[in-house]
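Please read the points below beside the sequence and the model.

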Amino acid sequence: MSRRPFPRRRLHPHRLGQPAPGPPGRPLLVTADELLLDDLLRLGAAAGVACEVAHDAASARAAWVAAPLVIAGADLLDDLVRAAPSRRPGVVLVGQDLDDASIWERAVSIGAEAVVFLPDAESWIVDRLADAAEATGPDAVVVGVVGGRGGAGASVLATALSLAGARAGLRTMLVDADPLGGGIDLVLGSEDTRGLRWPELVGSRGRVNGTALQEALPHVEDLVVLSWDRGDALSIPAEAMRAVLAASRRSCDLVVVDLPRRVDAAAEEVLAACRTTLLVVPAEVRATASAARVATLVSLLTADLRVVVRGPAPSGLGAEVVAEALGLPLAGDVRAEPGLSETLERGEPPTRGGRGPLAAFCSTFLTTLLPTQEAA
Ligand SMILES: Nc1ncnc2c1ncn2[C@@H]1O[C@H](COP(=O)(O)OP(=O)(O)OP(=O)(O)O)[C@@H](O)[C@H]1O
Ligand SMILES: [Mg+2]
């Protein structure tokens with residue numbers, strides 16, 4: 001099979017939502033206490049975040065509003081109260097003395113939303129610093145895609161949807177959550193692209209830095225892809241999926257997940273996070289019967305399950321009839337994509353150039369899912 005390079009895509013000029021925020025500013029540390037500063041800088045390093053430092057209240061006041069997070073030491077609290085910086089969310093005070101009852105009152109007067117003490121609050125501060133550095137607005141919308149039967153077209157649709165998202169200017173990640181699938185990188189034609197695959201990530205736990213994850217994963221133009229490799233199939237532990245999904249959601253606008261039909265613990269994590277899950281059903285009687293079984297299970301695990309009926313329809317079975325038989329809303333009816341099998345065999349992604357029935361469905365679906373005013 002001779003494979004060609006992935007074509008360069010032009011970004012769609014219309015972004016579904018507000019422009020991607022620029023890099024967030026640095027968290028601000030306010031203290032003249034060298035020991036506390038050392039501790040906070042160490043926590044910043046643990047979070048992978050560079051911080052600004054203000055050694056007095058006057059310089060803190062100047063940087064106060066622009067910083068994504070302010071962590072102030074109690075050593076400068078009285079000076080800060082006098083400097084009266086503007087009210088803003090995301091101010092944390094690090095206390096020195098657990099018995100100092102007045103600290104709470106003074107903390108309120110500078111608008112602090114929390115008073116914490118070290119070392120107890122170390123991991124909490126690391127998380128807050130990492131969150132601030134990744135401050136990218138609301139979490140990404142997650143869309144799951146599952147086949148109503150084997151070979152239904154779920155992986156193709158998930159890939160086409162993610163390409164449509166990237167084409168529309170959304171920061172998009174495509175996640176292959178089907179350990180027994182062939183690997184979504186083969187659908188994209190990105191099997192030779194360098195970057196991490198699931199086998200290196202199945203040990204993930206707790207908090208994963210979203211920006212670092214994005215950088216480590218293969219990029220296919222603007223699309224970030226988390227796929228399997230050609231090694232033996234492994235399962236994804238629920239903790240690993242939870243950690244990776246949370247990181248992806250913090251750093252993207254749209255996460256599209258190709259789900260297995262046999263729902264495992266990792267797929268349950270995804271289904272619970274999906275805004276919408278698409279059940280792909282070929283327009284055939286037996287496929288509909290099989291999809292009914294998948295739907296029974298999946299509908300218990302996800303908030304909004306919709307049917308995408310895929311052509312051809314050998315007996316003319318209508319999309320509405322399929323959806324009605326399944327008792328689910330119809331997300332769309334996609335005609336067979338001309339020449340798709342050959343395209344995939346050549347290692348070219350579906351919906352090349354953003355044309356054809358699949359691309360049209362995906363772009364309409366995304367516009368409905370993420371109306372402009374709501375997407376950011
Ligand atoms: N929109 C489409 N139009 C025409 N043919 C399609 C379409 N989608 C999928 N196919 C055909 O179906 C085949 C299987 O598609 P795909 O791998 O996406 O299915 P799947 O549901 O992910 O299967 P699996 O059960 O292996 O996960 C493709 O190789 C292609 O030949
Ligand atoms: Mg598949």
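1. Helices (H or I, at least four residues) and strands (E, at least two) are DSSP runs, numbered from the N terminus. In these terms, Pro-312 lies in the loop that joins strand 12 (305-310) to helix 13 (319-326). The peptide bond leading from Gly-311 into Pro-312 is cis, with omega near 5°.

2. The model is predicted: local features need pLDDT of at least 70 and side-chain atom pairs count only at pLDDT 80 or more, while totals for chains, interfaces and linings use all residues. Residues are numbered from 1 along each chain as its sequence is written, and chains are lettered from A and ligands numbered from 1 in the order in which they are written.

3. A cis peptide bond also links Leu-118 to Pro-119, with omega near 10°. Pro-119 is found in the loop between strand 5 (114-117) and helix 5. Most residues other than glycine have a negative phi, and most peptide bonds are trans. Ala-84 has a positive phi, near 45°, and sits in the loop between helix 3 (77-83) and strand 4 (91-95).

4. The protein chain is divided into domain 1 (28-133) and domain 2 (141-375); such bounds come from an automatic or database domain assignment. The centres of the two domains, taken over C-alpha atoms, are separated by 42 Å.

5. How do helix 1 and helix 5 cross, and at what angle? The axes of helix 1 (residues 34-47) and helix 5 (residues 122-133) come within 8 Å and cross at roughly 60°. Axes are lines fitted to C-alpha atoms, for helices over the stretch in contact, and angles run from 0 to 180 degrees between N-to-C directions. Helix 1 and helix 5 are therefore oblique to each other, given that angles under 35 degrees count as roughly parallel, over 145 as roughly antiparallel, 65 to 115 as roughly perpendicular and the rest as oblique.

6. Residues of helix 1, including Leu-43 and Ala-47, meet residues of helix 5, including Ile-125 and Leu-129; contact requires C-beta atoms, placed from the backbone, within 7 Å. By class, this contact has eight nonpolar, one polar and one charged residues. Ala, Val, Leu, Ile, Met, Phe, Trp, Tyr, Cys and Pro count as nonpolar, Asp, Glu, Lys and Arg as charged, and the others, Gly among them, as polar.

7. Around ligand 1 there are 18 residues, of which Gly-147, Gly-153, Ala-154, Ser-155 and Val-156 come nearest; a residue is near if its C-beta atom, placed from the backbone, lies within 6 Å. The shell has eight nonpolar, seven polar and three charged residues. Helix 6 (154-167) and helix 14 (340-345) each supply at least two of its residues.

Definitions and conventions
Two residues are in contact if their C-beta atoms, placed from the backbone, lie within 7 Å.
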